[in-house]
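Here are my notes on the voids and the packing. Have a look at the model first, then read on.

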Amino acid sequence: MPYLVPPHIPPGRLADSVQPALPVTDHLLLRPWRYADAPAVLAAFADPVIQRWHLRRADSEEEARDWIDQWQSAWYCETGAHWAVVRPASAAGGAEEVVGRVALRSLTPAIGHAECAYWTLPAARGRGVAPRAVSVLARWAFDEIGFERLELVHSVLNEASCRVAAKAGFALEGTRRRGHLHADGWHDMHVHARIRGDDVSR
């Protein structure tokens, strides 16, 4: 049964290219994950704040490398796009430092939709890292790939994520009741969205 409209983003738009690095500022960069980042991933998922909002944890560097392998493969399967947020060596005082993660997940290229996800390590919080990284990712997704709508979804109890969404230009559209199961039970979820052409300069 044929579709009445062509895919909004043609198949291969990601898979046929190399995942790029995306500059955020002189002191921050989004780059594809490397297996050498496994210790940083392990440390992140040992953090109680990150554990509170996620369903899984990493118990070893081998497990963390398996996740990185999945994140790398997702690009070529066009099911996700995952970046490490890093301070380059020049900004980190001689050694590159992973400070967080941003991603596009739940990709539906045919209709131009995806969901933004992120976390930051404790040392990077409160410094504007997350909203800047999410903003750069959104601009790339709209301008370079052609996405039409990006969502950012978080627990209504996660006030920090609500602030990140607002700073990155994601308007609050509503609440998804019992939208996600966390370790402490079902949470209502705020649904934020940014669409191509939104004026986020204010």
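1. About 30 Å³ of space lies in the largest cavity (a set of points on a 1 Å grid over the protein atoms alone where a 1.4 Å probe fits but cannot get out; volume is the space filled by probe spheres set on the points, joined across faces, edges and corners). Its lining, meaning residues with an atom within 4 Å of a point, is Ile9, Pro10, Arg13, Leu14, Glu78, Pro109, Ile145 and Phe147. That splits into 6 nonpolar, no polar and 2 charged, with Ala, Val, Leu, Ile, Met, Phe, Trp, Tyr, Cys and Pro as nonpolar, Asp, Glu, Lys and Arg as charged, and the others, Gly among them, as polar.

2. Caveats: this is a predicted model, where local features need pLDDT of at least 70, side-chain atom pairs count only at pLDDT 80 or more, and totals for chains, interfaces and linings use all residues. Numbering runs from 1 along each chain as its sequence is written, and side-chain values use heavy atoms, without hydrogens and water.

3. Now the largest pocket, about 1,200 Å³ (an open set with protein on both sides within 12 Å along at least five of seven lines). Of its 45 lining residues, Trp53, His54, Tyr118, Trp119 and Ser161 are the closest to the centre. The lining has 21 nonpolar, 12 polar and 12 charged residues.

4. Leu104 is worth a click: leaving aside neighbours within four places in sequence, its contacts (heavy atoms within 4.5 Å) include Leu137, Trp140, Phe147 and Leu150.
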